[in-house]
Amino acid sequence: MEEFFTDILKHVEGYYYSLVDITPKILLAILVVLISWLIAARVKVFADRRLKTKMHDPLLATFIANLIKALLIVIGLLFMFRVIGLNGVAQSVLAGAGISAFVIGFALKDIGENFLAGILLAFKRPFSVGDIIESNGVKGKVVALNLRDTQIKSDSKNIYIPNALLIKNTLVNFNSEGYLLQDFTIGLEYGSDYRKAIEIITEVMKEDTAVIDKGYSNSAVVSGITGSTIQINIRYWVKTDRTVTDGKHRSEVVIKVAEALQQNGFTIK
């Protein structure tokens, strides 16, 4: 029995000395990770600022800056393994990159898929920051393209769509070279002077300084008949640097059109 407790004591003592021996390395490794993270964050901010100045494409610049940050963090983790003394782990990670990539890619299929989709979106650039897009039943203004998802803002809500969904599914970009298409439909009583109504609506759009009429097909056309109501569809373009994403400008145009028609004796249904 005495030998049993002696053996336990020796093992505990051995664990204690091992822990004392490795504690400085663990603390140093934590310090290395923190410093790597701090450097990566600073480099990301610097690269983001510089790339936006050089590239004039904030979406791609931000994505590349995030990619640089991720690579620096990975390098910091590999250096941490060397500090702890796990050189074999670091070498295995580098030497077995192909197998590791396959295993990790299979286990984290969605993350890897979204990451690769983000790279495709960054270089293909089907949209830019500030564009109004619609995909997967969500419509809003593009805020940022991240490594895993795309952030859009809709009705004061931040929505994050996985990048892979934007690649796989239909993506609608409502912008055209910095312009946004808005439209709405208004109903008139059957038997009205439709041509005059179209002239009035066209004049309202011409008087609106926010509506762009050079080279863009602003229009007011009869789109159909519903019962005793004639449907007129109004389409026009506005600059995206205006406050258009929250619906305020569209609301103003609808009100102006309705008031102009009512003042000229038209009945709106």
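Contact here means heavy atoms within 4.5 Å. By that criterion, residues 24 or more positions apart account for 63% of the contacts in the protein chain with a separation of 6 or more.

This is a predicted model, in which local features need pLDDT of at least 70, side-chain atom pairs count only at pLDDT 80 or more, and totals for chains, interfaces and linings use all residues. Residues are numbered from 1 along each chain as its sequence is written, and side-chain values use heavy atoms, with hydrogens and water left out.

The protein chain has 8 helices and 9 strands (DSSP runs numbered from the N terminus: H or I of at least four residues, E of at least two). Of its 269 residues, 30% are buried (under 20% relative accessible area, 1.4 Å probe, protein chains only).

Turn to the helix pair. Helix 7 (residues 194-207) packs against helix 8 (residues 248-263) at about 140°, with axes 10 Å apart. Angles run from 0 to 180 degrees between N-to-C directions, and axes are lines fitted to C-alpha atoms over the stretch in contact. In helix 7, A197, I200, I201 and V204 meet K256, V257, A260 and L261 of helix 8. This contact has 7 nonpolar, no polar and 1 charged residues (Ala, Val, Leu and Ile are among the nonpolar class, Lys among the charged).

Now strand 1, residues 132-135, which holds S135. S135 counts as buried because its relative accessibility is 2%. Its side chain reaches the backbone oxygen of T170 at 3.1 Å. Beyond four places in sequence, S135 touches I161, L165, L166, N169, T170 and L171.

Note on methods:
Buried means under 20% relative accessible area, exposed over 50%, partly exposed in between (1.4 Å probe, protein chains only). A polar contact is a pair of N or O atoms within 3.5 Å; within protein, one must be able to donate a hydrogen and the other to accept it, and residues adjacent in sequence count only if both atoms are side-chain atoms.
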